[in-house]
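Dear colleague,

Please find below the structure that I am handing over to you, with its sequence. A short account of the findings follows it.

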Amino acid sequence: MTSRIKIKVVDSKSNFRLRLPSIPFWFITVLFSIALKFKDTAIINMDDLDDDAKFFLKQLDYRMLKDLIYELKSQSSFDLVDISTGDGTMVKISII
(Lines give C-alpha, C1' and ligand atoms only; values in the text may rest on other atoms or scores of the structure.)
Protein backbone atom coordinates (compact mmCIF):
# COMPACT_ATOMS: atom_id res chain seq x y z
CA MET A 1 0.00 0.00 0.00
CA THR A 2 1.38 3.39 -0.99
CA SER A 3 1.26 6.47 1.18
CA ARG A 4 3.29 9.22 -0.50
CA ILE A 5 3.83 11.10 -3.73
CA LYS A 6 7.20 12.31 -4.99
CA ILE A 7 7.64 14.98 -7.69
CA LYS A 8 10.73 15.78 -9.76
CA VAL A 9 10.86 18.37 -12.57
CA VAL A 10 14.01 19.28 -14.51
CA ASP A 11 14.09 21.79 -17.38
CA SER A 12 17.54 21.76 -18.94
CA LYS A 13 16.92 24.84 -21.12
CA SER A 14 16.19 27.22 -18.24
CA ASN A 15 18.29 25.25 -15.71
CA PHE A 16 15.18 24.87 -13.51
CA ARG A 17 15.14 21.99 -11.04
CA LEU A 18 12.31 21.10 -8.67
CA ARG A 19 12.68 18.06 -6.45
CA LEU A 20 10.05 17.79 -3.78
CA PRO A 21 10.55 15.32 -0.97
CA SER A 22 7.96 12.60 -0.69
CA ILE A 23 4.70 14.15 0.49
CA PRO A 24 2.27 12.05 2.54
CA PHE A 25 -1.25 11.74 1.17
CA TRP A 26 -2.77 12.98 4.44
CA PHE A 27 -0.93 16.29 3.96
CA ILE A 28 -2.14 16.59 0.37
CA THR A 29 -5.69 15.93 1.56
CA VAL A 30 -5.42 18.70 4.16
CA LEU A 31 -4.07 21.18 1.58
CA PHE A 32 -6.81 20.35 -0.92
CA SER A 33 -9.54 20.64 1.69
CA ILE A 34 -8.28 24.15 2.52
CA ALA A 35 -8.08 25.06 -1.18
CA LEU A 36 -11.62 23.79 -1.79
CA LYS A 37 -12.94 26.28 0.76
CA PHE A 38 -11.71 29.10 -1.49
CA LYS A 39 -12.63 27.60 -4.87
CA ASP A 40 -15.84 29.64 -5.36
CA THR A 41 -13.98 32.89 -4.74
CA ALA A 42 -11.18 31.80 -7.06
CA ILE A 43 -13.59 30.90 -9.86
CA ILE A 44 -15.24 34.30 -9.66
CA ASN A 45 -11.95 36.24 -9.59
CA MET A 46 -10.14 34.34 -12.36
CA ASP A 47 -11.11 36.15 -15.54
CA ASP A 48 -8.57 34.35 -17.75
CA LEU A 49 -9.88 30.86 -16.85
CA ASP A 50 -11.71 29.19 -19.74
CA ASP A 51 -15.26 27.84 -19.38
CA ASP A 52 -14.20 24.17 -19.31
CA ALA A 53 -11.80 24.77 -16.43
CA LYS A 54 -14.46 26.73 -14.52
CA PHE A 55 -16.95 23.90 -15.06
CA PHE A 56 -14.45 21.32 -13.77
CA LEU A 57 -13.59 23.40 -10.72
CA LYS A 58 -17.27 23.86 -9.87
CA GLN A 59 -17.78 20.07 -9.97
CA LEU A 60 -14.71 19.30 -7.85
CA ASP A 61 -15.50 18.41 -4.25
CA TYR A 62 -13.88 16.73 -1.25
CA ARG A 63 -15.47 13.35 -2.02
CA MET A 64 -13.83 13.26 -5.46
CA LEU A 65 -10.47 14.02 -3.91
CA LYS A 66 -10.97 11.40 -1.21
CA ASP A 67 -11.85 8.76 -3.83
CA LEU A 68 -8.78 9.65 -5.91
CA ILE A 69 -6.44 9.43 -2.91
CA TYR A 70 -8.00 6.11 -1.90
CA GLU A 71 -7.38 4.65 -5.37
CA LEU A 72 -3.79 5.87 -5.47
CA LYS A 73 -3.10 4.49 -2.00
CA SER A 74 -4.59 1.09 -2.83
CA GLN A 75 -2.04 0.51 -5.63
CA SER A 76 1.53 -0.66 -5.24
CA SER A 77 4.31 1.82 -6.01
CA PHE A 78 4.31 3.14 -9.59
CA ASP A 79 5.25 6.13 -11.74
CA LEU A 80 2.14 8.18 -12.44
CA VAL A 81 4.00 10.45 -14.89
CA ASP A 82 7.43 9.74 -16.38
CA ILE A 83 8.29 12.01 -19.31
CA SER A 84 11.77 12.84 -20.51
CA THR A 85 13.32 14.32 -23.61
CA GLY A 86 16.71 13.80 -25.14
CA ASP A 87 18.07 17.12 -23.86
CA GLY A 88 17.67 16.25 -20.16
CA THR A 89 14.24 17.79 -19.56
CA MET A 90 12.03 15.54 -17.44
CA VAL A 91 8.90 15.35 -15.32
CA LYS A 92 8.45 12.42 -12.96
CA ILE A 93 5.65 11.93 -10.46
CA SER A 94 5.91 8.73 -8.46
CA ILE A 95 3.51 7.12 -6.03
CA ILE A 96 5.56 5.40 -3.32
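T29 is buried, with a relative accessible area of 15%; buried means under 20% relative accessible area, exposed over 50%, and partly exposed in between, with a 1.4 Å probe and protein chains only. This residue, T29, lies in helix 1. Leaving aside residues up to four places away in sequence, T29 touches Y62, L65 and I69, where contact means heavy atoms within 4.5 Å.

Please note that this is a predicted model, in which local features need pLDDT of at least 70 and side-chain atom pairs count only at pLDDT 80 or more, while totals for chains, interfaces and linings use all residues. Residues are numbered from 1 along each chain as its sequence is written, and side-chain values use heavy atoms, with hydrogens and water left out.

As to the overall fold, the protein has four helices and four strands, arranged along the sequence as β-β-α-α-α-α-β-β. The protein has a radius of gyration of 16 Å, well over the 12 Å that the globule rule gives for 96 residues, so it is more spread out than a compact globule. The radius is taken over C-alpha atoms, and the rule is 2.2 Å times the number of residues to the power 0.38. Helices (H or I, at least four residues) and strands (E, at least two) are DSSP runs, numbered from the N terminus. The C-alpha atoms fill a box of roughly 40 × 35 × 20 Å along the principal axes. Of the 96 residues, 19% count as buried.

The largest nonpolar core consists of nine residues: I5, I23, F25, I28, L65, I69, L72, I93 and I95. Two or more residues of this core come from each of helix 1 (25-37), helix 4 (62-74) and strand 4 (90-95), and helix 4 gives the largest share, three residues. Such a core is a set of buried Ala, Val, Leu, Ile, Met, Phe, Trp, Tyr and Cys residues joined through side-chain atoms within 4.5 Å. One of its members, I93, touches I5, K6, I7, D79, L80 and V81, again not counting residues up to four places away in sequence.

Finally, I draw your attention to N15, in the loop between strand 1 (4-11) and strand 2 (16-24). N15 is exposed, with a relative accessible area of 59%. Although N15 is not a glycine, it has a positive phi of about 60°.

With kind regards
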